[in-house]
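Student: Please take me through one part of this structure closely. I am new to it.

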Amino acid sequence: MQKLVIISVIFVTSLLNAQSNYEKGMQKAFELWGSNNPIEASNMFERIANAEPDNWLPPYYAAQVNIVNSFGLRDEDELTAQLKKAQDLINDATAISKNNPEILVLQALLYTAWVAYDGATYGMTMSPKVGAIYAQAEQIAPENPRVVYCKAEWGIGGAKYFGQDTKPFCNDLERSLELFANFKPETPFHPNWGENRVKMLLESCKE
Amino acid sequence: MKKGIIIFIVLMGFKLSAQQIINGIVLNNKDIPLAGANVFLEGTYDGSTTDENGKFTFKTNETGTQTLKVSYISFETFSVIGDVAYMKDLTVKLHEDVNTLDAVVLSAGTFQAGDNSKVNVLKPLDVVTTASALGDFIGALQTLPGTATVAEDGRLFVRGGEAEETQIFIDGIRVFTPYTPTTNNSPTRGRYSPFLFDGITFSTGGYSAEFGQALSSVLLLNTIDEPDQEKTDIGIMSLGATLGNTQKWKTCSLSVNASYINLAPYNAIFPSRNEWIKPYETASGEAVFRKKYNSGLLKLYAAFDATNFELTQEDINEPEGVYFKLKNDNLYFNGSYQGVLSDTWSVSGGLSYTHGNNDLKVIDMLINDTENAIHAKVTFKKRFSNRFKLNFGTEYFVSNFNEDYSDVSTSDMVYDYNNNIEATFAESDIFLSKNLAFKSGLRLEHSELFNQFTLSPRFSLAYKTSKSSQLSLAYGDFYQNPSSNILKFNQNLKAQSTAHYILNYQFNAERKIFRAEVYFKDYNNLIKYDTDFAEFNSNYNNNGYGFAKGIDLFWRDSKTFKNTDYWVSYSFLDTKRDYRNYPSKKQPNFVNSHNLSLVGKYWINDWRSQVGFSYAFATGRTYTNPNTSGFLNEKAKVYNNLSVNWAYLISPQKILYASVNNVLGFKNINGYQYANTANGNGVFERRALQPAADQFFFVGFFWTISEDKKSNQLDNL
């Protein structure tokens with residue numbers, strides 16, 4: 001009986017260990033990212049991706065860190081290397097989870113990074129890709145707040161450029177805010193970002 | 001219970017004692033520490049990031065044999081298998097990944113157009129936004145060094161070579177009739193619409209053993225793998241209309257495109273030097289079907305076009321002018337497959353079929369020629385490592401030419417021949433380091449017509465001299481059978497040959513590219529004949545020879561001036577040949593000694609417009625003046641052309657485009673035609689060979705209808 005208790009304790013402990021390894025790892029990675037250590041955060045996410053080959057979240061976040069980090073880079077070689085790495089990670093995530101609207105949004109953001117770097121050169125070739133990806137994501141998940149808001153933010157950029165009305169896109173932003181309020185991520189580590197950005201964008205809509 | 005606690009503690013203790021420390025340092029091959037490298041035990045959570053001194057340390061509970069991995073951006077991932085107990089004070093040296101963008105590239109003689117590649121000198125959009133190109137990829141390539149300005153012809157004449165010496169390939173498969181027919185005083189265009197292609201490689205010499213039957217140059221066009229979206233494109237132009245549609249399904253997509261061009265309204269407004277009886281009219285259709293498989297991609301491409309026109313052209317020997325009527329039908333089919341066989345093996349192959357028919361009437365001569373050609377090819381690639389790759393394959397060309405000729409004195413002469421060629425090739429890419437690479441290959445060809453075997457070695461080397469510059473060398477032997485206008489009369493000949501020697505310097509940094517290339521070409525076995533023109537009763541031999549040498553310079557800068565992109569090309573060419581009917585070694589009449597081209601583009605954000613210009617300058621070409629002694633003894637005056645264009649985005653999906661070719665109205669003269677007989681004063685009279693029209697105007701409106709309401713046809717123009 002005593003033995004059984006001990007064995008079961010050890011078993012449970014190791015089970016808890018296994019689960020918390022992932023949780024601890026993810027938490028640590030988010031902390032690193034939050035404390036402005038994007039390289040370490042990306043490395044941590046990549047290590048988790050390596051240990052959890054069936055989970056699309058670690059490569060997804062590793063890619064996101066690299067994409068977000070690339071905005072503002074001015075060196076084209078550095079930007080190219082970083083976005084290539086992000087693309088590889090997106091491919092890894094897509095291989096695990098196909099037609100995933102969250103990953104599609106990330107892919108659109110990657111192309112947007114090129115347009116943001118040099119609109120005159122990449123705008124004409126990348127814009128149709130971005131538009132097509134948002135259209136696809138919207139078809140799969142019309143109620144996903146990130147799909148709705150990222151598509152609207154992309155639309156606002158284009159409308160401003162052509163001197164067109166941004167009102168319909170601002171309405172979409174409003175709608176995404178409602179969707180955010182009702183959005184329940186599958187686990188604490190599933191994507192749940194963007195609400196603050198929407199509030200910021202809505203401020204500029206009112207101007 | 002006490003016992004239990006003890007066991008528990010012992011077990012815990014065992015666990016604690018199993019914890020190992022793994023530490024070490026990560027360096028590059030020059031022993032400089034790398035900060036930010038990812039070090040971890042594969043399949044576990046245990047790992048760390050190197051600090052600014054390249055050092056790492058982490059704890060692990062793993063025991064026994066494990067795989068330690070070290071990864072870092074732009075370096076090859078390092079891995080070592082061993083007992084964790086011994087993973088202490090490790091020194092890991094990472095090797096630079098030779099596949100990264102800043103690695104040396106084997107680029108002598110090559111110009112590429114594509115996205116995000118280092119050696120690109122042109123972007124896909126340049127084809128359609130270069131003022132003088134008028135949406136023709138051939139026109140855009142003529143702004144690059146190494147090409148001659150033969151304004152009345154329009155084809156690619158590369159480094160002292162004739163137009164036939166350049167071969168064009170779509171997805172690696174040969175195109176036998178790449179150019180549209182035109183009158184002899186207006187430039188031809190590429191037959192295939194530029195927006196189907198997203199990669200263009202233009203090699204002006206020293207190319208891979210994969211390509212043969214081209215003495216001067218190869219142009220490789222790759223069709224788009226996957227269209228971005230479903231859409232409909234409508235274009236209304238001053239010359240006609242186009243309509244396109246793209247549909248996408250889960251694993252496949254289909255794009256169709258149709259266009260109709262009729263020059264009648266244009267000729268009515270802007271009269272030309274041609275006296276049209278039936279103005280130029282062409283209808284064409286293209287379709288591309290793509291299907292993705294788990295480990296491969298199949299592409300089927302088909303194009304059909306029909307052209308006709310009828311006119312009378314000025315001629316010094318015919319006061320009434322020369323009557324000319326043409327009807328051309330052309331069908332091209334190309335199927336290609338690219339697939340991955342395993343981690344290290346890949347295969348690509350394809351088949352093309354061309355059917356071209358010309359029905360001509362010139363004065364009283366009736367000519368009907370038909371060409372049927374097939375090209376089949378398969379290549380295998382084996383990657384032994386990132387540093388050693390092997391590429392080999394085999395191909396077969398079948399080509400049948402048939403001509404029916406009749407005039408008042410001759411009836412129904414038939415010229416017919418088969419020109420079939422087998423070839424095999426093998427080539428290896430060797431990267432000794434990120435800074436030094438070789439490519440060496442061998443090509444064996446057998447011509448059934450001549451029963452002749454030819455062996456062509458190819459070699460190139462590239463060495464990186466600094467972070468942003470490199471030197472390259474290339475050498476190659478090239479063979480090509482004579483063209484149909486010779487072969488139809490005589491098949492008892494040999495392949496013509498040339499050897500290329502190329503030295504190239506390239507500087508590439510921050511959106512600035514500078515290239516300088518010197519070359520020497522040695523021509524042998526060129527065709528000679530003993531009459532003024534190639535005729536059925538001429539005597540032919542392979543005793544012709546010649547050389548071409550020169551310097552090509554290219555500079556592109558997209559950085560220095562905001563919203564401005566410009567490039568400058570200059571070529572110097574010195575070439576002489578003794579071939580055809582030449583009495584001695586002379587500079588051929590399709591050669592300009594100096595060629596200068598300047599292209600500029602400026603994006604005006606507030607106007608949502610791109611304005612551009614292109615300027616071309618070329619020294620005059622040779623012609624024979626029978627009033628003085630000698631052959632090709634004089635040179636025409638210099639050639640000048642300034643073209644401008646303007647693209648305006650009305651809304652995200654509507655574009656207005658306008659361009660004017662030769663806006664300053666330079667009166668260019670391509671050469672002279674002399675009378676066959678002298679006049680009463682013993683002088684041969686002459687006529688200047690001028691373009692059909694000095695200027696050309698183009699206006700178009702393009703509208704794209706798509707789901708995302710964003711894309712437009714700027715990249716189709």
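Tutor: Start with chain B, which is divided into domain 1 (2-94) and domain 2 (110-706). Such bounds come from an automatic or database domain assignment. The centres of these two domains of chain B, taken over C-alpha atoms, are 58 Å apart. This is a predicted model: local features need pLDDT of at least 70, side-chain atom pairs count only at pLDDT 80 or more, and totals for chains, interfaces and linings use all residues. Residues are numbered from 1 along each chain as its sequence is written, while chains are lettered from A and ligands numbered from 1 in the order in which they are written.

Now chain A. Its assignment gives domain 1 (1-98) and domain 2 (100-207). Here 24 Å separate the centres, over C-alpha atoms. The contact takes 18 residues from domain 1 of chain A and 12 residues from domain 2 of chain A. Residues are in contact if their C-beta atoms, placed from the backbone, lie within 7 Å.

Look closely at helices H6 (residues 119-140) and H7 (residues 145-161) of chain A. Helices are DSSP runs (H or I, at least four residues), numbered from the N terminus. H6(A) and H7(A) pack at about 155 degrees, with axes 10 Å apart. Axes are lines fitted to C-alpha atoms over the stretch in contact, and angles run from 0 to 180 degrees between N-to-C directions. H6(A) and H7(A) are therefore roughly antiparallel (angles over 145 degrees). A:Val130, A:Tyr134, A:Ala137 and A:Glu138 of H6(A) meet A:Val147, A:Cys150, A:Lys151 and A:Trp154 of H7(A).

Conventions
Helices (H or I, at least four residues) and strands (E, at least two) are DSSP runs, numbered from the N terminus. Angles under 35 degrees count as roughly parallel, over 145 as roughly antiparallel, 65 to 115 as roughly perpendicular and the rest as oblique. Two residues are in contact if their C-beta atoms, placed from the backbone, lie within 7 Å.
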